Every structure is written in structure tokens, then in C-alpha cells.
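Subject: Structure for your review

Dear colleague,

I am passing on the structure we discussed, with the sequence alongside. Please look through it first, and then read the notes that follow.

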Amino acid sequence: MRDLHNSIEVLVALNQTIINVTGTTNGNVIDRYTEDGYESLEFLIHVGANTAGSYTVNVQDGAASDLSDAADVAAAGLLGAEPTFDSADDNVVKKVGYIGEQRYVRIQIVATVAATGADSISALAVLGHPRHGPEGAVQV
């Protein structure tokens with residue numbers, strides 16, 4: 001039987017936050033080369049009650065651990081399109097995969113129309129296909 005539990009690592013890509021001003025909010029830097037080294041990365045972005053906000057997810061990568069060299073990832077480095085959320089997107093989860101070669105990756109939330117209410121956004125990074133995983137993990 002395949003074991004997903006021991007084949008992934010889940011990290012917080014964006015702490016749950018309220019975005020009520022226009023601008024850009026950077027997520028946490030995800031290191032794909034943790035001790036097990038992961039070949040795949042999927043971001044899951046969750047928007048809670050969206051009163052009126054309009055948000056776009058932007059994926060960035062780079063070689064510097066603080067992403068001081070961050071660059072926007074081209075469409076060829078993604079699986080699926082970078083998600084957008086508007087006021088019709090209450091309590092939904094959308095995803096985007098990263099297939100680029102860089103070690104460090106993060107998402108940004110770009111608010112073009114910010115709600116004055118409480119628009120809650122959070123995200124998880126699911127790392128998969130470990131190079132060196134625990135016993136029972138599906139290896140690449």
C-alpha cells in the first residue's frame with residue numbers, strides 16, 4: 001500500500017492573516033532541501049470569509065535563503081495558474097504547483113482591492129517526493 005503520510009511534509013506558507021489594505025504580503029520562505037530533500041511542492045491557499053477583497057497569488061523563487069534575489073516564477077515553472085480570489089470566493093481553497101529548480105520558494109498575496117472587513121487568508125506548502133524519506137515513504 002502507498003503511504004502518503006510518510007511521503008510529505010507540510011509547512012506554513014502564509015500564517016493566517018487579515019489583509020485589509022492594498023499591497024503585497026510576502027509568505028514564508030519554503031526550503032525544498034530540508035533534511036529529506038523534496039522534488040515536488042504544492043501551495044494550498046485558503047481564503048475565509050471574503051467581504052469584498054480581490055487577491056492574486058504570486059509565486060517567487062530564488063537561490064538566497066532570505067529570497068533577497070526573489071524572482072517571479074514563469075508559467076512554465078508552475079502547475080496550474082496562479083490563483084485569484086474575489087468576493088465570490090468565500091471559504092475556498094485553491095492550489096498551484098511549483099516545478100522550478102530553485103531551492104527557496106514563497107508565495108505573495110497581492111491585494112488590488114482590499115476589504116475593510118476581515119478577509120482572512122492562509123496557505124500551506126505541501127512538499128512531496130522526498131529524496132531520502134522515512135521508512136515506508138514512497139521514494140522518487
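The protein has zero helices and 11 strands, where helices (H or I, at least four residues) and strands (E, at least two) are DSSP runs, numbered from the N terminus. From the N terminus on, the order of elements is therefore simply β-β-β-β-β-β-β-β-β-β-β. The radius of gyration is 16 Å, close to the 14 Å that the globule rule gives for 140 residues, so the protein is as compact as a globular protein of that length; this radius is taken over C-alpha atoms, and the rule is 2.2 Å times the number of residues to the power 0.38.

Please keep in mind that this is a predicted model, in which local features need pLDDT of at least 70 and side-chain atom pairs count only at pLDDT 80 or more, while totals for chains, interfaces and linings use all residues. Residues are numbered from 1 along each chain as its sequence is written, and side-chain values use heavy atoms, with hydrogens and water left out.

As for the overall build, the C-alpha trace spans about 50 × 35 × 25 Å along its principal axes, and buried residues make up 39% of the 140 residues (buried means under 20% relative accessible area, exposed over 50%, and partly exposed in between, with a 1.4 Å probe and protein chains only). Among contacts (heavy atoms within 4.5 Å) between residues at least 6 apart in sequence, 79% join residues at least 24 apart.

Strand β10 (residues 104-113) is mostly covered, with seven of its 10 residues buried, and several strands pair with β10, pairing being counted if DSSP finds at least two bridges between two strands. Strand β5 (residues 54-62) runs antiparallel to β10 and is joined to it by nine bridges, and Gly62 has Tyr104 as its bridge partner there. Strand β2 (residues 23-26) is also antiparallel to β10, with four bridges, and Thr25 stands opposite Ile109.

Nine bridges join β4 to strand β11 (residues 120-130) in the antiparallel sense, and the bridge partner of Phe43 in β11 is Ala125.

With best wishes
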